[in-house]
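Visitor: I have a model open on my screen, and I would like to learn how to read it. Could you walk me through some of its features?

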Amino acid sequence: MDTAEQNCVRSIKLWPPSQNTRQVLVDRIIKNLTTPSILSRRYGVLSKEEAEEEAKQIESSAFATANQLFEKEQDGDGKSSVELYAKTSSTLMVEAIKRGPKSKEDQEPLFESITENDQTLFDISKGDRSFLDAEKTKQLLKPLQEPGNKYTKICFSNTSFGVDAARVAVPILSLVKHQLKEVNLSDFIAGRPEEEALEVMSMFSSALDGSDLRYLCLSENALGEKGVRAFSELLSSQNNLEELYLMNNGISEEAAKAVCELIPSTKKLKTLHFHNNMTGDEGAIAISELLKKSPILEDFRCSSTRVGSEGGVALSDAISKCTLLKKLDLRDNMFGVEAGLALSKAISVFSNLTEIHLSYLNLEDEGASVLVNALNNSGSPLEVVEMAGNDITVKSASSLAAFLISKRESLTKINLSENELKDEGSMVISKALEDEFPRLTEVDLSSNQIRRAGARVLAQAVVGKPGFKLLNINGNFLSDEGVEDVKEIFKNSPDLLGSLDENDPEGEEYNDEDGDGDDDDDELESRLKGLDIKQEE
C-alpha cells in the first residue's frame with residue numbers, strides 16, 4: 001500500500017465518526033449532566049429530559065464545528081477534527097452544567113400578559129436581561145401582531161435592543177401604537193454603543209409617533225440631550241400625558257431644556273419624576289417652566305439632581321402653582337436656607353399633600369423651622385415627613401414638635417435622622433409623640449447624638465402605640481446601659497426596635513459640650529419632663 005492509500009485509510013477511520021460513535025458521546029454527555037459532581041453540587045443537576053435535549057445540541061454543535069475544520073484541511077487524516085470534536089463537546093458540557101437546571105421562570109412564556117381594569121399589559125421585562133437579536137425579537141413580539149389583540153400597555157424594560165432587533169420591533173409597534181396608553185422603555189438599550197443606542201431610540205420614537213399616551217417611562221437610558229432629542233418625534237406628539245418618568249437619564253441643563261421644548265402640553269400631567277440627574281440650577285429653571293404649565297400635578301420628584309439655591313428658589317416658585325400636589329420629593333439637593341424659605345411660601349398653599357421628602361437639603365434650623373411652621377398652618381393631611389440630614393438642632397425642636405402634633409391624626413412615618421437634636425431636642429420630640437398618633441408606624445431619629453436619657457424617653461413615647469412597627473435610634477451615643485434600657489422597654493415587642501449595633505458609647509463630639517455620659521442623663525431627663533411645647537400662632 002503506497003503512502004496516499006495509507007493516508008486515505010487513516011482519514012476514513014478517524015473522521016467522520018459513525019452514527020453509533022456519535023450516539024455514544026450523546027449518552028456520555030447525558031450521564032455527566034445528570035450525575036452529581038463538584039460542579040453540579042454548586043449549580044444543580046439537570047433532569048433527564050433537560051440533559052437529553054442539552055446533550056443532542058452539544059454533540060450536534062461540536063460535530064458541526066469539527067467538520068468545518070476537517071473540510072478545510074488539505075490531505076488531513078481527521079485527527080485534529082476528532083480532537084476539536086472532543087474539546088468542544090467538553091467545553092459546551094461544562095457550560096451547560098454551569099447554567100444549571102431551568103428555573104420555573106425559564107420555563108414560563110417569554111412574555112407576560114396581565115389584564116386589569118380593561119387594560120392589558122404586554123411585558124417582556126421579567127427574568128435576566130436579554131440582549132435581543134432580530135430572531136428573538138420576532139418571537140417575543142409575536143402576540144402584538146395577533147389580529148384583534150387588546151394590548152394597551154407595553155413594558156420593554158430590562159432588555160437591550162440593537163439595531164437589528166429594532167428593525168423588527170418598529171413595524172410591529174407602528175401597528176399597535178394607536179391603541180397604546182402606557183409605554184415603558186426604561187433600560188432598553190443597555191450595553192449598546194452610543195451611536196447604536198441613539199439610532200435605536202430614534203427608531204422607536206418614529207414608530208410610536210402619533211400615539212396618544214397617558215404614561216411614558218424613559219428612565220435608566222443615559223439619555224443626555226442627544227437621547228432626549230432622539231425621542232423628539234414621540235415626545236412632540238404627546239398632548240395628553242398624565243405620567244412622565246425621566247429618572248437616572250443624565251438629564252443635564254441642555255437635556256432639561258430639550259424636554260421642556262419638545263413636550264407640547266403638560267396640562268393633564270399628574271406625575272413627573274426627574275430623580276438622579278445632572279440637572280443643576282439652570283436645568284431646574286427650565287423644569288420650573290414646565291411645572292408652571294402643569295396645573296393638576298399631584299406627584300413631583302426632583303431628588304438627587306444637583307440643584308442649588310438659585311434652582312431651588314425657581315422650583316419653589318413654580319411648585320406654588322401646583323396646588324393639587326400630594327407627593328413632593330426634593331431630597332438630596334443643595335437648596336440651603338434661601339431656597340428653604342422660598343419653599344415654605346409655596347407649600348403653605350397646599351391642602352392635599354400626603355408625603356413630603358426634604359432630606360439632605362442643607363436647610364439648617366432657620367430653613368427647617370419656617371418649613372414646618374408653613375406645613376403646620378397648611379391643611380395638608382400629611383402621612384410621611386422626611387427631613388433627615390439638615391443640621392437641625394434643639395433650636396428647631398419646639399417648632400418640629402408643634403408641627404407633629406398638628407398632623408398627629410394622619411402621620412404614619414417621621415424621619416429626622418442624621419441631624420443634631422441630641423438629648424434635649426429628642427426629648428421635645430418625644431413629649432409630642434406621647435400624644436395619640438393613631439396611624440403612626442415608624443419613627444427614625446438615628447444619628448442624632450442622642451444619649452441614654454433621650455433614647456429612653458423616646459422609646460417610652462412610642463412603645464405602646466397601636467400599629468407601631470419601627471423605632472430607629474441607631475448610630476447615636478448610647479452607652480451599653482442605655483442600649484439595655486431601651487431593649488428592656490421593648491422586651492415585649494423586640495421586633496419594633498431597630499438595630500443598635502452602630503451606637504458610639506464614647507460620644508466624642510458631644511462630650512466637651514454637654515458633660516460626660518450617664519451621670520447627667522437622669523438630671524436632664526428630669527429637667528425636661530415638664531417642658532412645654534411651643535405652639536406657633
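Guide: Let us go through the overall make-up first and then some local features.

Guide: This is a predicted model, so local features need pLDDT of at least 70 and side-chain atom pairs count only at pLDDT 80 or more, while totals for chains, interfaces and linings use all residues. Residues are numbered from 1 along each chain as its sequence is written, and side-chain values use heavy atoms, with hydrogens and water left out.

Visitor: How many helices and strands does the protein chain have?

Guide: Helices (H or I, at least four residues) and strands (E, at least two) are DSSP runs, numbered from the N terminus. The protein chain here has 22 helices and 16 strands.

Visitor: And what share of the residues is buried?

Guide: A residue is buried under 20% relative accessible area, exposed over 50%, and partly exposed in between (1.4 Å probe, protein chains only). Of the 537 residues in the protein chain, 51% are buried.

Visitor: Which residues of helix 12 are buried?

Guide: Helix 12 spans residues 253-262, and its buried residues are A255, A256, A258, V259 and L262. They cover an arc of only 160 degrees around the axis, which puts them on the same side of helix 12. The arc is taken from the directions from the helix axis to the C-beta atoms.

Visitor: What do those buried residues pack against?

Guide: For contact, look for heavy atoms within 4.5 Å. The buried residues of helix 12 pack against helix 10 (224-230), helix 11 (232-236) and helix 13 (280-292).

Visitor: How many aromatic pairs are there in the whole structure?

Guide: Rings of Phe, Tyr and Trp (its six-membered ring) pair if their centres lie within 6.5 Å; planes under 30 degrees apart count as stacked, over 60 as edge-to-face and the rest as tilted. A search of the whole structure gives 11 such pairs. One of them joins W15 and F63: the ring centres are 5.4 Å apart and the planes are at 20 degrees, so the pair is stacked. W15 lies in the loop between helix 1 (3-14) and helix 2 (19-34), and F63 in helix 4 (residues 48-72), so the pair ties together parts that are 48 residues apart in sequence.

Visitor: Are W15 and F63 buried or exposed?

Guide: W15 is buried, at a relative accessible area of 2%, and F63 is buried too, at 17%.

Visitor: What sits over the ring of F63?

Guide: A charge sits over a ring if NZ of Lys or CZ of Arg is within 6 Å of the ring centre and within 35 degrees of the ring normal. Here the charged end of R22 sits over the F63 ring, 3.8 Å from its centre.

Visitor: Which residues does N503 touch?

Guide: Leaving aside residues up to four places away in sequence, N503 touches I473, N474, G475, N476, F477 and L478. N503 lies in the loop between helix 20 (480-489) and helix 21 (508-514), and it counts as buried at 14% relative accessibility.

Visitor: Where are the backbone atoms that lie by its polar side-chain atoms?

Guide: The backbone nitrogen of N476 lies 2.9 Å from a polar atom of the N503 side chain, and the backbone oxygen of L500 lies 3.3 Å from a polar atom of that side chain.

Key. A polar contact is a pair of N or O atoms within 3.5 Å; within protein, one must be able to donate a hydrogen and the other to accept it, and residues adjacent in sequence count only if both atoms are side-chain atoms.
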